[in-house]
Amino acid sequence: MRSYRTLFRTPEFTPFLLSFAAFAAAQTIGGLALATLVFRATGSPLLSAVSMFGPQLAQLLGAAFLLSGADRLPPRAVLSGMALAFAAGTAVLALPGLPVWAVFAVVLLQGLVASLGGGVRGGLLNEILSKDGYVLGRSVYNMLWGLMQMAGFATGGALLALLSPRTCLLLAAALYLMSALVTRLGLTARPPRSSGRPSASATWRTNALLWSSRPRRLTFLGLWVPNGLVVGGDSLYVSYAPGAAGTLYACGALGMFLGDMAVGRLVPPALRPRLATPLRLLLAAPYLFFVLQPGAALSAVAVTVASVGFAASLVLQERLMSLTPDDLAGQALGLHATGMAALQGVGAALAGTLAQLTSPATAMTLMAAGSVAVTLTLAALGRHDKRQPAVPGTRPGVVSEAAAADQGTVRP
């Protein structure tokens with residue numbers, strides 16, 4: 001599947017995207033409004049960053065205990081319920097006089113609920129599309145996320161100039177309700193992909209199996225760490241440039257959109273694997289110049305160029321799927337999504353702490369330098385693996401699933 005026309009003729013693909021679009025718009029508008037509300041109330045870059053990216057950090061708990069539900073629960077019910085839960089939580093955040101500790105309690109609960117979202121959506125997309133359509137479909141999904149971020153942050157910035165942050169949070173809650181409605185009416189009810197009940201033990205066993213392969217480990221780390229460090233730096237836009245934060249987030253979404261479009265539609269499949277490291281380096285390198293504290297215009301250009309590098313995740317997701325059995329695809333994608341979200345939350349907390357001790361510009365530069373160092377380290381480890389002799393019947397360095405089971409890690 002190499003054309004958008006064929007892709008959009010696939011049954012359920014369009015309502016799947018529409019429900020995600022409403023959810024993504026709600027996240028961007030609500031996240032910017034909440035970060036602005038907290039920053040105005042506390043004056044703290046750390047609390048502002050964590051309020052915006054805290055749900056991602058909380059997803060780490062969900063990945064540890066709830067992720068088996070990504071393959072063991074009906075996807076339509078999970079996505080509808082998650083959107084309703086976010087609508088309720090966002091409405092609570094809009095309550096006047098809500099103390100800061102209560103804000104972070106709601107943010108934690110939202111993160112736990114969201115921990116299933118990446119795996120369920122990724123697994124459902126894998127079912128809706130044929131194997132040869134997954135990369136193109138995922139690129140459209142990522143491009144839509146970029147568009148919704150552009151529209152959401154631009155709209156959110158404009159709305160915050162006209163309305164209060166609490167009013168913007170109520171608008172975000174309405175968008176979450178719209179996402180739940182489109183999911184319920186536009187998607188068919190599907191059975192779970194795997195049998196058995198979701199449980200913490202099943203989650204741990206499958207996560208251990210997924211982690212048992214060194215190539216998968218390096219792929220997960222490549223998806224999580226460089227991205228998380230850069231996004232952590234991005235969380236400082238509000239404190240770095242309060243009047244231009246919405247513009248910077250929108251420019252970042254534009255760059256992500258362009259990168260996903262180029263990699264998903266224009267780059268030949270044989271060339272894609274070679275782009276993982278260059279794209280991850282591009283993601284971080286422009287932020288090294290933020291130590292010079294460029295103005296809003298130059299910052300916007302740097303953010304746009306850097307965000308093209310987010311397309312590395314598309315390349316690495318394709319690699320992850322090639323290394324993962326089909327019946328574990330949902331949990332593998334869920335582990336990727338929750339791990340990446342958690343590292344983004346960790347990155348936001350780290351960047352906020354550095355900004356408290358130094359300045360937002362210095363903190364963003366340090367986070368970018370850390371991302372470059374991690375990318376180069378992972379690239380060196382990957383090259384080392386390719387030079388190792390392969391186990392018969394596997395890629396170089398791959399532990400077979402049977403060998404993993406013999407070592408005590410069994411498929412649930």
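This is a predicted model: local features need pLDDT of at least 70, side-chain atom pairs count only at pLDDT 80 or more; totals for chains, interfaces and linings use all residues.

Q: How is the packing of two helices described, and at what angle do α16 and α17 cross?

A: In general, the angle between the axes and the distance between them describe two packed helices. Here, helix α16 (residues 312–322) and helix α17 (residues 329–357) have axes that come within 10 Å and cross at roughly 145 degrees.

Q: Which residues of α16 and α17 meet?

A: Q317, L320 and M321 of α16 meet A329, A332, L333 and H336 of α17. Sorted by class, this contact has five nonpolar, two polar and no charged residues.

Q: How far apart are the axes of α2 and α7?

A: The axes of helix α2 (residues 13–42) and helix α7 (residues 117–128) are 11 Å apart, and the packing angle is about 160 degrees. Because of that angle, α2 is roughly antiparallel to α7. The crossing in which α2 passes α7 is left-handed.

Q: Which residues form the contact of α2 with α7?

A: On α2 they are F13, F16, F20 and F23, which meet R121, L124, L125 and I128 on α7. The classes in this contact are seven nonpolar, no polar and one charged.

Q: How many helices and strands does the protein chain have?

A: The protein chain has 19 helices and zero strands. Of its 412 residues, buried ones make up 57%. Among contacts with a separation of 6 or more, 85% are accounted for by residues 24 or more positions apart.

Q: Is D260 buried or exposed?

A: D260 has a relative accessible area of 1%, so it is buried, as this falls under 20%. D260 lies in helix α13 (residues 245–266). Leaving aside residues up to four places away in sequence, D260 touches S139, N142, M143, R265, A311 and L314.

Q: Where is T362, and how far in space is T362 from F289?

A: T362 is in helix α18 (residues 360–386), and its relative accessibility of 28% makes it partly exposed. T362 and F289 are 73 residues apart in sequence, while their C-alpha atoms are 9.7 Å apart in space.

Q: What is a disulfide, and how many does the structure hold?

A: In general, a disulfide is a covalent bond between the sulfur atoms of two cysteines. The structure holds zero disulfides. As for individual cysteines, C168 is buried at 0% relative accessibility, and C251 is buried with a relative accessible area of 16%.

Q: Where is Q293, and is Q293 buried or exposed?

A: Q293 is in the loop between α14 (276–284) and α15 (296–307). Its relative accessibility is 53%, so Q293 counts as exposed. Phi of Q293 is also positive, near 50 degrees, in a residue other than glycine.

Terms used:
Residues are numbered from 1 along each chain as its sequence is written. Side-chain values use heavy atoms; hydrogens and water are left out. A disulfide is a pair of cysteine sulfur atoms within 2.5 Å. Buried means under 20% relative accessible area, exposed over 50%, partly exposed in between (1.4 Å probe, protein chains only). Helices (H or I, at least four residues) and strands (E, at least two) are DSSP runs, numbered from the N terminus. Contact means heavy atoms within 4.5 Å. Axes are lines fitted to C-alpha atoms, for helices over the stretch in contact, and angles run from 0 to 180 degrees between N-to-C directions. Angles under 35 degrees count as roughly parallel, over 145 as roughly antiparallel, 65 to 115 as roughly perpendicular and the rest as oblique. A crossing is left-handed if the near helix is turned anticlockwise from the far one by less than a right angle, and right-handed if clockwise. Ala, Val, Leu, Ile, Met, Phe, Trp, Tyr, Cys and Pro count as nonpolar, Asp, Glu, Lys and Arg as charged, and the others, Gly among them, as polar.
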